[in-house]
Amino acid sequence: MSVVYYISSHGLGHAVRSAAIINQIPAEIPLIIRSEVSPSLLEEEIHRPFSIEPASFDCGCVQADSFTVDGPATLAKYLEMHRSNPGRLTGEIEFLHRHRASVVVSDVASFPLVVARQAGIPGLALGNFTWGD
């Protein structure tokens, strides 16, 4: 039994939010993180045992700076990943079975949830979308 936790690699908010949740998972439950987030950030923020297996299944916005999003480049990057993910499905299902995953958590890529469903494993999506005043 293990938890496989997918963390989006774009933006530090996903990693910091996930770390706060991960720290509440009992230490005796094996935890594998699938992400391209900097391992040093995860090691600084997570205070329980975990292993990291680098992978990325979504993309963020292509930006020239903190405020300028390149819409066409972002769409092209997303479409490229959307087209490549189905070819990764079988390998990712095998990964979950090999690591005896009992639950998949994703912050907040959708593809890991497809993988979980196809593998017959519960999947949870976590996100935080509050821009209110």
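Trainee: What do the side chains of Arg-34 and Glu-92 meet in?

Mentor: A salt bridge, at 2.7 Å from N to O. Keep in mind that this is a predicted model.

Trainee: And where do the two residues lie?

Mentor: Arg-34 lies in strand S2 (residues 31-34) and Glu-92 in helix H4, so the pair ties together parts that are 58 residues apart in sequence.

Trainee: Buried or exposed, these two, Arg-34 and Glu-92?

Mentor: Both Arg-34 and Glu-92 are buried.

Trainee: Why would such side chains pair at all?

Mentor: Side chains of opposite charge can do so when their charged atoms come close.

Trainee: How many salt bridges does the count come to?

Mentor: Two. Asp-107 forms one with Arg-17, where the closest N and O atoms are 2.7 Å apart. That pair also links distant parts of the chain: Asp-107 is in strand S4 (residues 101-107) and Arg-17 in helix H1 (residues 12-22), 90 residues apart.

Trainee: Is Asp-107 buried or exposed?

Mentor: Asp-107 is buried, since its relative accessible area is 0%.

Trainee: Back to H4. What about Thr-90, buried or exposed?

Mentor: Thr-90 sits in helix H4 (residues 89-98). With a relative accessible area of 52%, Thr-90 counts as exposed, because the cut-off is over 50%. Its C-alpha atom is 9.2 Å from that of Ala-119, which is 29 residues away along the chain.

Trainee: New topic, helix H3. Which residue caps its N-terminal end?

Mentor: Asp-70, with a side-chain oxygen 3.0 Å from the backbone nitrogen of Ala-73.

Trainee: What span should H3 have?

Mentor: At 1.5 Å a residue, its 14 residues (71-84) should span 20 Å. The end C-alpha atoms are 20 Å apart, which agrees.

Conventions:
Residues are numbered from 1 along each chain as its sequence is written. This is a predicted model: local features need pLDDT of at least 70, side-chain atom pairs count only at pLDDT 80 or more; totals for chains, interfaces and linings use all residues. Side-chain values use heavy atoms; hydrogens and water are left out. Helices (H or I, at least four residues) and strands (E, at least two) are DSSP runs, numbered from the N terminus. Buried means under 20% relative accessible area, exposed over 50%, partly exposed in between (1.4 Å probe, protein chains only). The expected span of a helix is 1.5 Å times one less than its number of residues. A polar contact is a pair of N or O atoms within 3.5 Å; within protein, one must be able to donate a hydrogen and the other to accept it, and residues adjacent in sequence count only if both atoms are side-chain atoms. A salt bridge is a side-chain nitrogen of Lys or Arg within 4 Å of a carboxyl oxygen of Asp or Glu.
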